[in-house]
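Trainee: Can we go through this one together? I have the viewer open.

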Amino acid sequence: MKRLVAMLLAAVLAATACTGGPGEQRLSVLASSELADLGPILDDLRADTGIRLDLDLQGTVDAGTALTPGQYHHDLAWLSTDRYFQLKLRKSGFTGERPAATRIMLSPIVIGVKPAVAAALRSRHPDVSWADFADAAAAGSLRFAMADPARSASGLSALVGVATAAAGTGAALRPQDVVCDRLRGFRTGQSLTATSSGALVDLFAAHQTEVDAVIGYESTLLSLNASGRLTAPLELIYPRDGIMQSEYPLLLLDPGKRGAYERVTDWLKRPETQRKIMERTLRRPATEGVPLEPRLPKSVGTALYFPDDQDVVDKLLAYYADPQGRTPGHVVFVLDFSGSMRGGRITALRTAFDALTGAGEAEFERFYRGEKITMIRFGGRVLAERDFAVEGPADLAAVRGFLDTEEFDSATAVWSALAYAYGKAAEFAKTEPVSIVLMTDGENNAGLGADEFLRRPAPPGVHTYAVRFGEADAAELGRVAAATGGRLADATATSLLDAFKETRGCR
């Protein structure tokens with residue numbers, strides 16, 4: 001008898017747990033992982049309305065990918081953003097009724113930076129941009145933590161910000177705006193990653209001596225500052241070229257639960273609830289008239305456009321995939337130091353390399369941390385050569401210093417110098433991707449001819465990008481470049497810097 005009573009009692013308790021108690025309604029919610037901090041707010045919701053929200057926490061991008069019309073497995077979805085889900089619907093050609101959505105709260109994606117690093121960034125531009133941040137990462141002077149953009153909305157939003165700055169259009173990204181070489185320098189600065197913003201800040205706190213900055217939600221970073229886990233609070237940077245705002249919409253997936261959904265959204269949008277959410281989580285209120293908490297600046301700057309084309313997002317993620325697994329490239333520069341380069345032409349060459357090494361304004365085309373560079377100066381023979389590994393500003397300054405010479409030669413052995421460079425490249429190509437950039441301002445008048453050069457064996461996959469300057473023979477340079485799988489960049493039509501930028505494509 002006792003055993004039977006125990007079994008009956010267990011059955012009653014199980015049934016009560018499933019329904020949430022007499023008069024209580026339970027709704028299953030697919031939710032962004034960072035919403036775990038809303039537990040006390042949801043307890044109040046349950047006490048006031050009799051509705052219990054059971055959160056199934058996932059990364060936002062993962063959650064958006066899992067939402068398929070007609071195959072929803074939850075009553076509601078509560079994501080930091082539904083932009084990825086809306087792109088998926090558009091690409092699929094879905095024409096049915098989309099889930100009702102109510103914006104609940106707000107938090108922009110910002111950059112938390114250690115004070116000394118923030119001061120260094122602002123010394124160049126008082127209002128730091130995504131471009132400034134990416135440039136510092138490329139130079140090796142900044143290492144950052146960012147959630148995986150293939151799993152987390154905060155990581156994806158940062159990637160959109162950097163790519164938009166690189167495109168320079170100020171508009172929503174188009175597929176042709178996304179090119180992998182513009183993301184390489186930014187990618188080399190990423191030292192820590194995680195699948196969610198919450199896991200990321202924990203990882204950052206544990207490794208804060210090794211990393212300079214963390215990209216995440218304003219609310220998450222402010223909460224981290226207040227946690228006592230940091231040796232010094234982070235400065236929050238709101239990039240001047242655009243902010244992506246997460247609006248935390250609550251979506252109705254099961255139309256049969258509309259009544260409960262409206263009771264939940266009405267309760268969450270009450271001013272007193274919005275104030276509690278802000279005080280507890282530091283997310284901004286979506287209901288007008290609720291005064292901001294003092295730590296939240298009134299203005300976060302310009303809104304950043306999220307791509308309206310799924311192909312753009314797919315391309316961004318493909319190019320950025322596995323930031324730790326990409327092998328940095330090796331570029332061999334073969335630079336003409338014949339007598340005709342004296343004066344204004346050598347000044348133009350040095351100015352171009354000032355930009356590519358961070359002393360100018362090349363930004364996304366600049367050399368990046370981990371990249372290897374071999375510099376060869378030639379006239380009628382090879383005058384000097386040196387290998388560089390870019391790990392920081394000192395290495396970039398050394399590259400500039402290699403060009404600070406007045407050693408010129410009377411002849412121009414273009415193809416002999418290129419053949420010498422290919423001998424070097426053959427060794428490099430055994431372990432890393434290699435390309436050659438040949439710059440000359442005159443016609444070949446010593447050593448090998450172009451046809452003789454082309455008859456020589458060359459390592460596969462090593463392309464020559466020829467930069468024509470001055471009176472150099474465009475047809476001959478173009479023919480050799482094309483034969484190696486490269487191309488011609490004509491500095492006489494633009495500038496030497498622009499021509500070098502053209503050679504910074506993906507390899």
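Mentor: A definition to begin with: a charge sits over a ring if NZ of Lys or CZ of Arg is within 6 Å of the ring centre and within 35 degrees of the ring normal. By that rule, the charged end of Arg377 sits over the ring of Phe402, 4.5 Å from its centre. Arg377 also lies over the face of Phe337, at 5.5 Å from the ring centre.

Trainee: What kind of model is it, and how are residues numbered?

Mentor: The model is predicted, with local features needing pLDDT of at least 70 and side-chain atom pairs pLDDT 80 or more, while totals for chains, interfaces and linings use all residues. Residues are numbered from 1 along each chain as its sequence is written, and side-chain values use heavy atoms, with hydrogens and water left out.

Trainee: Sheets next. What is the strand order in the open sheet of five strands?

Mentor: The order is E2-E1-E3-E11-E4, with mixed pairing. Strands are DSSP runs of E, at least two residues, and helices are runs of H or I, at least four, numbered from the N terminus. Two strands pair if DSSP finds at least two bridges between them.

Trainee: Which strands are at the edges?

Mentor: Strand E2 (51-58) and strand E4 (101-103), each pairing on one side only.

Trainee: And how many bridges join E1 to E3?

Mentor: Three, and the two strands run parallel. Leu30 has Ala77 in E3 as its bridge partner.

Trainee: What about the open sheet of six strands?

Mentor: That sheet has mixed pairing and the order E15-E14-E13-E16-E17-E18. Six bridges join E16 (residues 434-440) to E17 (residues 463-468), and these run parallel. In E17, Val467 is the bridge partner of Met439.

Trainee: Changing topic: how many aromatic pairs are there?

Mentor: The structure holds eleven. Rings of Phe, Tyr and Trp (its six-membered ring) pair if their centres lie within 6.5 Å; planes under 30 degrees apart count as stacked, over 60 as edge-to-face and the rest as tilted. Phe133 and Phe144 form a tilted pair, 5.4 Å centre to centre with 55° between the planes.

Trainee: Why does that pair tie together separate parts?

Mentor: Because Phe133 lies in helix H6 (residues 130-139) and Phe144 in strand E6 (residues 144-145), parts that are eleven residues apart in sequence.

Trainee: Is Phe133 buried or exposed?

Mentor: Buried (under 20% relative accessible area, with exposed over 50% and partly exposed in between, using a 1.4 Å probe and protein chains only). Phe133 has a relative accessible area of 0%, and Phe144 is buried at 0% as well. Phe133, Phe144 and Phe186 form one aromatic cluster.
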